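Here are my notes on this one, jotted down as numbered points. Have the viewer open as you read.

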Amino acid sequence: MGFFKKKDKDKPPHIEIDIQKEIKKAEKEEKALWIKCSSCHELIYRKEVERNLDVCPKCQYHFPYSVQNRINLIFDKGTFVELYRGIEPVDFLKFKDTKSYKVRLQETRESLNRNDAVVCGQGKIKGIDALAAIFDFEFMGGSLGSVVGEKITRLLEEGAGKGIPVIVFCASGGARMQEGILSLMQMSKVSGAIYKLKSQRIPYITVLTDPTLGGVSASIAMLGDIIIGEPKAMIGFAGPRVIKETIKEELPAGFQRSEYLVEHGMIDMIVPRKEIKQKIHQLLSLITT
Amino acid sequence: MRYYLDFEKRLEPIERRIEEIKKFHNVTEGHYAKELSGLEKKVSKIEKEIYGDLSNWQRSQLSRHLNRPHTLDYVSHLFTDFTELHGDRRFKDDPAIAGGFARFEGISVAVLGHQKGKDVREMAARNFGMANPEGYRKAVRLMDLADRWQKPIITFIDTPGAFPGIGAEERGQAETIASAICFMFSLSVPVIAVVIGEGGSGGALAVGVGNRVLMLENATYSVISPEGCAAILWRDGAKGPLAADALKPTAPDLYELNVVDEVVPEPFGGAHRNWQETFDHLSQVLSKHLKELLSIPGDGLRAQRYDKFRRMGIFQEQR
């Protein structure tokens with residue numbers, strides 16, 4: 001009794017450290033070595049994450065995965081052939097916010113060495129032919145504009161014409177505002193092609209990665225015959241901030257995450273990255289043979 | 001209740017006075033008749049000044065004008081025998097979308113659209129025309145009936161967008177919009193979509209896949225509202241006017257981009273200044289397009305709709 005005096009309690013036992021600040025500093029200084037998990041906020045060794053297919057070893061959060069890595073992960077070695085590479089974006093509205101769309105495109109294209117936010121191609125998954133589109137979130141948030149819409153539409157038409165299943169790996173914040181109404185119209189264009197594919201009885205599988213929102217979610221993503229989510233991926237129509245501001249309420253825990261969507265019957269399953277090739281192959285073989 | 005936008009405010013005292021005179025005085029001759037004709041001249045002069053050269057931002061505001069006719073106003077003036085149908089048969093009836101069967105110039109059609117409210121109570125009840133998933137499901141249900149019974153479909157678009165809420169997400173807002181868009185490509189009957197006010201993003205497109213897309217002169221149709229776009233790209237919601245210029249959401253812009261087949265002229269100043277004239281214009285245009293489409297067989301309609309949307313998008317291609 002009286003072992004700890006009130007005085008002692010008030011006194012901090014150690015120097016206070018602002019951990020967020022330290023992490024930020026560490027991130028900045030040793031970007032190459034350490035990264036912070038955006039889900040569990042743990043500081044993790046970058047090499048370890050990379051060896052683990054860009055999955056956090058602590059909480060299994062799936063980091064955005066590069067297009068090239070995705071191709072290597074899904075397709076049999078050397079089978080993937082890229083399609084429609086030559087389709088390039090145009091700033092037809094002469095759209096300018098804080099920067100002009102033209103300049104934004106130019107800078108992004110140079111730094112990423114890619115024409116727009118999706119790569120399409122054909123390859124083999126454990127021997128089964130498949131057409132695939134893979135979004136690149138790095139390219140203007142994977143936004144859906146005329147180029148993305150045209151490439152995916154061609155891919156779907158090719159699938160319908162040749163009878164080859166189509167798989168889309170989504171990662172997108174939604175429609176590309178800089179293309180105004182024509183970005184919205186890509187939702188209908190692509191959905192029309194999906195209707196065509198489906199009426200030919202060709203399977204259409206979508207894999208939703210973090211994040212899949214807005215116009216992409218309300219067309220390409222949620223029309224999958226089978227929809228697979230990556231663990232903890234954010235999937236929804238409106239973004240959480242917009243919802244919060246509209247309804248002025250706190251959002252439930254885990255809201256709009258893959259696990260939440262499975263629970264509400266909106267997606268079929270959650271498949272970790274390391275099992276995805278096996279799972280897609282199994283599905284394709286069940287459907288096609 | 002007559003409502004004036006900021007840039008229309010100069011008209012308010014004069015028009016109130018006109019109303020007053022008409023209500024309480026003999027206006028066929030004498031002092032009041034003189035005052036009235038003077039006031040009316042004044043009104044038409046101010047009208048020319050404020051409506052003569054509308055900016056995109058002003059058009060965006062006009063498209064949401066509280067006194068604009070809404071879906072059910074068009075239905076009651078352009079159609080006869082309207083019978084409203086309710087519910088999605090899954091969850092509930094969403095009053096943000098209204099629809100049913102009616103006759104247009106004697107032809108039995110399905111008609112549906114977003115319904116905003118006129119007054120505070122109706123606006124709240126109809127959620128300002130922002131539908132939940134059940135609203136789009138109801139729309140699909142009605143279109144499916146129309147397809148089975150081989151009735152043309154006329155849709156009216158007037159929504160700020162699909163409702164962003166917890167329940168909406170849980171019940172699959174993205175999936176229902178996507179399914180509605182996809183479903184409209186399967187229809188074997190003529191589909192005419194008319195943007196009558198605010199065409200807000202995916203929530204508008206969900207009933208917008210028509211063989212013809214018509215648009216009233218002061219309506220807007222956009223991937224995102226000017227305010228929403230400003231909040232994201234300028235990080236300042238007050239930059240709406242700049243975003244409205246950049247997004248090019250007006251009827252003439254969309255006609256230029258081949259998204260809209262015909263712009264329906266509105267009375268000078270906008271649909272809210274003269275409902276009857278608006279109804280007459282739209283009625284004529286609708287009638288023309290419906291007649292054209294009625295002569296095309298089901299497969300042809302489906303193919304025409306597909307080709308129409310297939311061509312949308314601007315890009316260049318290196319070979």
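1. Let's begin with a helix in chain B. Keep in mind that this is a predicted model. In α3(B), the buried residues are Asn56(B), Gln58(B), Arg59(B), Ser60(B), Leu62(B) and Ser63(B). That makes 6 of the 8 residues of this helix, which spans 56-63, so α3(B) is largely enclosed by the rest of the structure. What does the covering? The cover over those buried residues includes β4 (153-159), β5, β7 (220-222), α10 (226-234), α11 (240-247) and α12 (251-256), which belong to chain B.

2. Next, strand β6(B), residues 212-216. Here 5 of the 5 residues are buried, so the strand is largely enclosed by the rest of the structure. Arg212(B), Leu214(B) and Leu216(B) point one way, while Val213(B) and Met215(B) point the other way.

3. Which strands does β6(B) pair with? One is β5(B), residues 191-200, in the parallel sense over 4 bridges, and there Ala193(B) stands opposite Val213(B). Another is β8(B), residues 262-264, again parallel, over 3 bridges. In that pairing Leu214(B) stands opposite Glu262(B).

4. The side chains of Glu198(B) and Lys116(B) meet at 2.7 Å, N to O. Glu198(B) sits in the strand and Lys116(B) in the loop between β3 (107-114) and α5 (120-125) of chain B, so the pair ties together parts that are 82 residues apart in sequence. Are the two partners buried or exposed? Glu198(B) is buried, and so is Lys116(B).

5. For another setting, go to helix α6(B), residues 133-148. Arg148(B) and Asp144(B) both lie in it, 4 residues apart, or about one turn of the helix. They form a salt bridge with the closest N and O atoms 3.4 Å apart. Arg148(B) is exposed at a relative accessible area of 56%, whereas Asp144(B) is partly exposed at 29%. As for the geometry, an α-helix has 3.6 residues a turn, so residues three or four places apart point the same way.

6. Chain A has a salt bridge of its own to check. Asp225(A) and Lys198(A) meet through their side chains at 3.7 Å, N to O. Asp225(A) is in the loop between α8 and β9 (226-229) of chain A and Lys198(A) is in helix α7(A), so this pair ties together parts that are 27 residues apart in sequence. Asp225(A) is partly exposed, with a relative accessible area of 41%, and Lys198(A) is partly exposed too, at 27%. Over all chains, the structure holds 50 salt bridges.

7. Now the interface. Chain A and chain B bury about 4,600 Å² between them, 72% of it on carbon and sulfur atoms. Chain A gives 55 residues to the contact and chain B gives 48. Across the interface there are 16 residue pairs in polar contact. On the side of chain A that touches chain B, the elements giving two or more residues are β4 (87-89), α6 (146-162), α7 (180-199), α8 (214-221) and α9 (240-247). Which of them gives the largest share? That is α7(A), with 15 residues. By type, this side of chain A divides into 28 nonpolar, 17 polar and 10 charged residues.

8. Salt bridges with shared partners join Glu150(A), Arg154(A), Glu157(A), Lys189(A), Arg310(B) and Glu317(B) into one network.

9. β4(A) and β9(B), residues 315-317, pair in the antiparallel sense over 3 bridges. Glu88(A) stands opposite Gln316(B) there.

10. Last, look at Pro164(B), in the loop between β4 and α7 (166-170) of chain B. Pro164(B) is buried, with a relative accessible area of 10%. What does Pro164(B) contact, leaving aside its neighbours within four places in sequence? The list is Ala238(A), Val242(A), Ile243(A), Thr246(A) and Ile247(A).

Methods
Residues numbered from 1 in each chain as written. Chains lettered and ligands numbered in written order. Predicted model: local features only at pLDDT ≥ 70, side-chain atom pairs only at ≥ 80, totals over all residues. Heavy atoms only, no water. Contact = heavy atoms within 4.5 Å. Buried area = accessible area lost by both parts, 1.4 Å probe. Polar contact = N/O pair within 3.5 Å; in protein donor to acceptor, adjacent residues only side chain to side chain. Nonpolar A, V, L, I, M, F, W, Y, C, P; charged D, E, K, R; others polar. Pairing = 2+ DSSP bridges. Buried < 20%, exposed > 50% of the residue type's maximum accessible area, 1.4 Å probe, protein only. Salt bridge = Lys/Arg side-chain N within 4 Å of Asp/Glu carboxyl O.
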